[in-house]
Amino acid sequence: MEHFEDHHKLEHDYSALLEVAKGIEQPPIVNPYFKKKARQRYSTEEYVQGIRAGNITILSQAITLVESLLPRHYAQAQEIIERCLPYAGHSIRIGITGVPGAGKSTFIEAIGYMITGLDHKLCVLAIDPSSERSGGSILGDKTRMETLVHNPDVFIRPSPAAGSLGGVARKTRETIVLCEAAGFDVVFVETVGVGQSETAVHSMVDLFMLLQIAGAGDELQGIKRGIMEMADMIGITKADGTNKERTELAKSHFVNALQLFPMPESGWKPKVYTCSSVEKTGLREIWGGVEDFLQFTRQNGYFTENRNRQSRYWMYESIDEVLKDSFYRNPAIRDRLPEIEQEILENRKSSFVAAKELLDIYFDRNPEQAQ
């Protein structure tokens with residue numbers, strides 16, 4: 001009996017050893033003392049006064065309001081733009097594009113530092129490419145322009161190109177108005193790659209600059225003719241070290257190619273420059289070329305004519321964008337659209353008939369009366 005009790009006691013002791021200790025209680029992932037500070041809401045008058053005073057925080061929030069897709073933000077954003085319009089239009093608007101790897105951000109940082117040294121205030125608006133799959137953007141321009149970020153005379157604002165490119169471009173143009181009202185007299189609009197976005201950027205700037213890299217095979221092979229024809233100036237970057245000879249050869253190729261194009265509407269014959277953002281060479285020559293172009297187009301009247309044409313163009317673009325947004329937000333369209341899409345996929349209805357039916361619904365028309 002005693003032996004049994006000892007054995008039972010031993011089993012009890014072993015079972016105690018198998019119990020899992022509670023351990024140390026883990027702290028919460030989110031700091032319980034953290035309180036999210038609500039963003040201050042400003043009146044239209046406060047936004048305008050802050051922008052005119054050069055307050056970067058208020059300017060950034062106003063741009064966020066302009067870029068917002070929420071209908072409740074639209075009215076105030078447009079009112080702010082309208083109030084800032086009389087103070088805008090006094091800057092030099094320059095579009096910068098080029099093939100990936102051409103060193104656009106490094107070039108902007110180098111020439112931007114030089115421009116601010118000439119008593120200019122620089123605004124850099126970068127249209128950042130968005131993922132077609134996730135819709136996300138890296139928005140990494142600020143990380144690549146470390147020197148400019150800390151310059152009090154520079155404002156850098158990347159914008160994701162998700163959704164409608166025309167919509168993003170329109171908002172970029174509206175952002176230019178706000179930045180000009182804030183006192184920035186040089187505006188760079190940077191776009192990534194060589195594609196559809198260049199056409200939109202070209203329609204909102206005074207000068208369009210194409211950056212190209214030498215030594216990567218046939219320099220002219222990867223450039224579309226349309227981009228070449230839009231360019232008022234071509235800069236061949238990375239003209240340093242052992243790459244200097246290749247950049248000079250590339251320059252001669254581009255000069256010869258430009259001879260084959262008809263004279264631009266501005267009457268200005270595009271020029272080709274070489275530069276090095278690392279060695280800071282060729283930058284003053286490029287900026288001198290910008291000033292020559294502006295002086296030339298102002299004297300022959302093209303500068304004003306071009307800006308007037310752009311204003312008219314963006315009026316129509318805005319109409320198209322608002323109508324498109326109104327169409328897809330219409331409850332009747334949202335309800336009917338999935339069914340019509342299925343009918344098209346099953347070949348029970350053509351795309352053109354489906355479009356007409358949706359438009360009839362939107363305009364609340366009788367299909368027979370709309371013939």
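The lining of the second largest pocket is made up of 17 nonpolar, seven polar and seven charged residues. The model described here is a predicted one. The volume of this pocket is about 560 Å³. His 202, Glu 229, Met 230, Asp 232 and Pro 264 are the closest to the pocket centre among the 31 residues that line the second largest pocket.

Several helices and strands each supply at least two residues of this lining, including those in the table.

| Element | Residues |
|---|---|
| Helix 9 | 197–202 |
| Strand 5 | 207–213 |
| Helix 10 | 225–230 |
| Helix 11 | 244–259 |
| Strand 7 | 271–274 |
| Helix 13 | 302–329 |

Helix 13 contributes five residues to the lining of the second largest pocket, the most of any element.

Helix 12 covers residues 283–299. At 1.5 Å a residue, its 17 residues should span 24 Å, and the end C-alpha atoms are 25 Å apart, which agrees.

Which residues of helix 12 are buried? They are Leu 283, Ile 286, Trp 287, Gly 289, Val 290, Phe 293, Leu 294 and Thr 297. These residues lie on the same side of helix 12 because they cover an arc of only 150° around the axis. An α-helix has 3.6 residues a turn, so residues three or four places apart point the same way. Arg 284 and Gln 299, on the other side of helix 12, are exposed.

Just after helix 12 comes Gly 301, which takes a positive phi of about 85°.

Definitions and conventions: Residues are numbered from 1 along each chain as its sequence is written. This is a predicted model: local features need pLDDT of at least 70, side-chain atom pairs count only at pLDDT 80 or more; totals for chains, interfaces and linings use all residues. Side-chain values use heavy atoms; hydrogens and water are left out. On a 1 Å grid over the protein atoms alone, a cavity is a set of points where a 1.4 Å probe fits but cannot get out, and a pocket is an open set with protein on both sides within 12 Å along at least five of seven lines; lining residues have an atom within 4 Å of a point. Grid points are joined across faces, edges and corners, and a volume is the space filled by probe spheres set on the points. Helices (H or I, at least four residues) and strands (E, at least two) are DSSP runs, numbered from the N terminus. Ala, Val, Leu, Ile, Met, Phe, Trp, Tyr, Cys and Pro count as nonpolar, Asp, Glu, Lys and Arg as charged, and the others, Gly among them, as polar. The expected span of a helix is 1.5 Å times one less than its number of residues. Buried means under 20% relative accessible area, exposed over 50%, partly exposed in between (1.4 Å probe, protein chains only). The arc is that of the directions from the helix axis to the C-beta atoms.
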